[in-house]
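Please keep the sequence and the structure in view while reading.

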Amino acid sequence: MRRTRTVRNVHRRIVPAPADTVGGLLDRLATPDDPLFPTPVWPGMVLDRPLAVGADGGHGRVRYRVTAYEPGRSVRFDTTDPGIGEGYHRFDVEALGPDRCRVTHALELTMGTRAFLLWKLAIRPVHDIMVEEILDNVERAALGRLPHPPARRTPRALLLNRLFWVRPTAVPVPRAARLLHDAVGRPDFSDAWRMPLRPGMARDPEAWRHVLPAAVRGRAEHELMLGEDASHLDYRASLLVDEEAVTLVSAVRLHNTRGRLYFALVRPLHPYAARLMLWRAHRRVAYAARPAGERNATAVAWEGPRPARRDRQDAPWE
């Protein structure tokens, strides 16, 4: 007989704002201006349709379906991927008076031993900080401020965030890199690497300049070209940023035998260096973004007299 365990994980926050104000934030889950999910540091919630019973989606590798929804009050998501166990997670907003409410996130999963170990070692540290940051965003969006220090990201959660951060993928050199094409018409070498942009990440190439290591050689609306010249070769790299992704394009023009010999040595290392540069820039820009609760706050923030209270329970049992 398969041995199973049940995990129940509960986070609560009392917010000095009307339940209708906070419930309106809940109704914006998975929208382009979602004020709650802590993107871009963590993956956002994506659904295949507006928030409603039957909507499928998830965040990151976690998959679920909306099985219950009371606008402005509660929403429940049931898991659709047995790999993480069978169960649900849900948000509830409970009025405690005209200007005070309780926000609760509850997760309950039944899982096998392997999934339970994965939960303890890798999933729970990330889950806990994501939910606490969601509750921080509730307060930011509803109150216009965070009345206490933000949730602290633990070293384990940060390590897991780093390990599972999206990686660059190789793509054809885009025609949109016009500055680079004009600067290096017929390169001896070129390549391109792409990463998707999460909500809240800067779409202006200038915002990426401070995380890249070379001198700026040109600017356009969606392109920032970097580069260096030497007697043996010229190097250009363009950073293209649009609404969906950021692409790093490299081009090299060799001048002489010394350049060909030099590049023969560094060419095997170039893809690794280009991917690493783009990956690091991507994470730094994500971490520099304003929290979702500030970016997508309600039009009128509620000023309440009571400080927020934070409470969490985590109780696994057989």
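Is A30 buried, partly exposed or exposed? A30 is partly exposed, because its relative accessible area is 25%; in this report, buried means under 20% relative accessible area, exposed over 50%, and partly exposed in between, with a 1.4 Å probe and protein chains only.

The model is predicted, so that local features need pLDDT of at least 70 and side-chain atom pairs count only at pLDDT 80 or more, while totals for chains, interfaces and linings use all residues. Residues are numbered from 1 along each chain as its sequence is written, and side-chain values use heavy atoms, with hydrogens and water left out.

**The chain as a whole**

The protein chain has 7 helices and 14 strands; these are DSSP runs numbered from the N terminus, helices being H or I with at least four residues and strands being E with at least two. Along the principal axes, its C-alpha atoms fill a box of roughly 75 × 55 × 35 Å. Of the 318 residues in the protein chain, 46% are buried. Contact means heavy atoms within 4.5 Å; among contacts between residues at least 6 apart in sequence, 63% join residues at least 24 apart. The protein chain exposes about 16,100 Å², and carbon and sulfur atoms supply 54% of this area, as given by the Shrake-Rupley method with a 1.4 Å probe, where for residues only the protein chains shown count as cover.

**The loop between α1 and β2**

A30 is found in the loop between α1 and β2, and its phi is near 70°, a positive value in a residue other than glycine. P40 lies in the loop between α1 and β2, and a cis peptide bond with omega of about 5° joins T39 and P40.

D34 also belongs to this loop, which runs between α1 (19-26) and β2 (45-47). D34 is buried yet has no salt bridge, and R28, the nearest side chain of opposite charge, is 6.9 Å away. Here Lys and Arg count as positive and Asp and Glu as negative, while His and the chain ends are not counted. The side chain of D34 reaches the backbone nitrogen of L36 at 2.8 Å. Leaving aside residues up to four places away in sequence, D34 touches R28, L29, A292 and N296.

**Salt bridges**

Side chains of opposite charge can pair when their charged atoms come close. The structure holds 18 salt bridges, each a side-chain nitrogen of Lys or Arg within 4 Å of a carboxyl oxygen of Asp or Glu. The table lists some of them.

| Pair | N to O distance |
|---|---|
| R13 and D136 | 3.1 Å |
| D20 and R73 | 3.0 Å |
| D48 and R49 | 3.0 Å |

R13 and D136 meet in a salt bridge that links distant parts of the chain: R13 is in strand β1 (residues 4-15) and D136 in helix α2 (residues 113-143), 123 residues apart. R13 and D136 are both buried. R13, E132, D136 and E139 are linked in a network of salt bridges.

D20 lies in helix α1 and R73 in the loop between β4 (62-70) and β5 (74-79), so this pair ties together parts that are 53 residues apart in sequence. D20 counts as exposed because its relative accessibility is 59%, whereas R73, at 25%, counts as partly exposed.

In the remaining pair of the table, D48 is partly exposed with a relative accessible area of 48%, and R49 is partly exposed with 41%.

Terms used:
A polar contact is a pair of N or O atoms within 3.5 Å; within protein, one must be able to donate a hydrogen and the other to accept it, and residues adjacent in sequence count only if both atoms are side-chain atoms.
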